[in-house]
Amino acid sequence: MWDWGTFLHYIYSPYLLGGAAISLGISIAAMLIGLVLGLIAALMRMSSRWWIKQPASLYVWLFRGTPVLVQLIIIYTGLPQVGISLGVVASALVGLGANEGAYLAEIIRAGIDSVPKGQFEAARAVGMTWPKTMRVVVFPQAFRIILPPLGNAFNGLMKSSSLASAISMEELLRRTELLVQVKFKVLELFCVAALYYLVLTTLWGFVQSWLEARASRSVPSPFRTAQTATSININSAVLSHDAS
Amino acid sequence: MTHLEQVSPAPTRPIVIEARGIHKSFGALQVLNDVDLVVRRGEVVVIIGPSGSGKSTLLRALNFLDAPDQGQVSINGCPFGFTMRDGKAVAVSDATLSAQRRQIGMVFQQFNLFGHMNVLDNVRSGPVHVLGHRPVDAGVGARRLLALVGLSDKETAYPAALSGGQQQRVAIARALAMEPAAMLFDEPTSALDPETVGEVLNVMLDLAAKGMTMVIVTHEIQFAYRAADRILFMENGRIVEEGCPAAMKESPKHERTRRFLGKLTAGA
């Protein structure tokens, strides 16, 4: 039987709320780690030198091609066998962060690719170095493109952070499981956990909308010029072909 | 190797751009085949030729946007994009090349204004981000240049809100902000609506009159006759013929030049 009393009681449980806070905390930390790794990997993959490009490609291939749960178990349970003992929290952050980084690398690269080539060339022609070109001209424009998928990635990460419960990370799901073992209220307690996740992702949805609105407000459709120019370019290509 | 007589109205003026033996291939396609180009201070050189003749690539080779496979470029007598080490030409570092590029302004067919910056920030992007000037200080020069290209009222507008001709004038101002020794124009009016071509050409004529050294790739042959000190005709990666506008207009030596000019004039 479903017991509303238990459900409502545990909605205000400081123990579970604390678990939700920990879930949010590791999600934010893993996202930041993922952003750093993803940016580095994305830039490395743009290189023309194989010894810079290949390690990044290997990293993305490895972490996108295996389940994050398996990665977490290998890092926490397997690596001590070769003398690398990370704690629970460190294992969760390394696993979730590295996995996220592999996905974000793809997102960031797609964002950079979406910036018209002419923007790079104009920056170079003005005399900007490669790092300055990226920082001043490319990243600000790529950011607008990658913001929505970045937000979705964080939404996904908040949910997949629950996988850390498998390596006994005491986050929301793990705390719920521990409580279930004592209280035997399986459905009610897991529904409380589900509700917490729902609240977290919903609140993030508001933040994401606000961020996206802010980003698009500052720049009125920067790529419209490029598109119009391209269509005109086709015309002029036809014309100059006639001329020859 | 083709040795072309360098026709120049003022052979005594100092050389700004000197390109020797430029070769460039894209894969199996040879785009530039042993091209020489000398541009003196204050000179306006117009490069014409059919599509695929290598004229844009030559322009882009001059500031190493497309680094030449072979050959040497010098700006004001200094080697550009390479340095001599043990008697061999070695490519310079990104930082050095970027510093050298400040000497040459470039204007693109597609304008390529920075979409996330307003007009004023576009114009002062070089001084601020490359030279490290304070935005306030750089703004003074930028506003002067916007006045020069007739767009003082647009400084807070974003590129997307401007017409093609206005964008191209901003792009010219952006390049001028670095106070370059020479300006390169890569088909600056080819992407423009016919009614805005004139405003861009007028700005360029104005620059030429002020003594700016310019190399211009264009199909606007009437503009070339009017503005150029020298017209180069390129085909198949080579400079086929060059001469002063009057000579090119009245009596081109080569049949190909004659036919090409005939078509351009008929189309205009």
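Colleague: How do the elements of chain A run from the N terminus on?

Modeller: In this predicted model, the order is α-α-α-α-α-α-α-α-α-α.

Colleague: What makes residues 221–244 of chain A a stretch to read with care?

Modeller: pLDDT is the predictor's confidence, on a scale from 0 to 100, and over residues 221–244 of chain A the value is below 50. Beyond near neighbours in sequence, that stretch still has 30 contacts in the model. Chain A averages a pLDDT of 88, and 89% of the residues score at least 70.

Colleague: How do you describe the way α5(A) and α7(A) pack?

Modeller: Two packed helices are described by the angle between their axes and the distance between the axes. For helix α5 (residues 88–114) and helix α7 (residues 130–160) of chain A, the angle is about 145° and the axes are 8 Å apart. The crossing of this pair, α5(A) and α7(A), is right-handed.

Colleague: Which residues of α5(A) and α7(A) meet?

Modeller: Among them are A:Leu104, A:Ile107 and A:Ile108 in α5(A), and A:Ile145, A:Ile146 and A:Leu150 in α7(A).

Colleague: How do the residues of the contact of α5(A) with α7(A) divide by kind?

Modeller: There are 14 nonpolar, 2 polar and 1 charged. Glu counts as charged, so A:Glu100 in α5(A) is a charged residue of this contact.

Colleague: What share of chain A counts as buried?

Modeller: A residue is buried if 20 or more other C-beta atoms lie within 10 Å of its own, and 36% of the 244 residues of chain A count as buried.

Notes: Residues are numbered from 1 along each chain as its sequence is written. Chains are lettered from A and ligands numbered from 1 in the order in which they are written. This is a predicted model: local features need pLDDT of at least 70, side-chain atom pairs count only at pLDDT 80 or more; totals for chains, interfaces and linings use all residues. Two residues are in contact if their C-beta atoms, placed from the backbone, lie within 7 Å. Axes are lines fitted to C-alpha atoms, for helices over the stretch in contact, and angles run from 0 to 180 degrees between N-to-C directions. Helices (H or I, at least four residues) and strands (E, at least two) are DSSP runs, numbered from the N terminus. A crossing is left-handed if the near helix is turned anticlockwise from the far one by less than a right angle, and right-handed if clockwise. A residue is buried if 20 or more other C-beta atoms lie within 10 Å of its own, exposed if 12 or fewer, and partly exposed in between; C-beta atoms are placed from the backbone.
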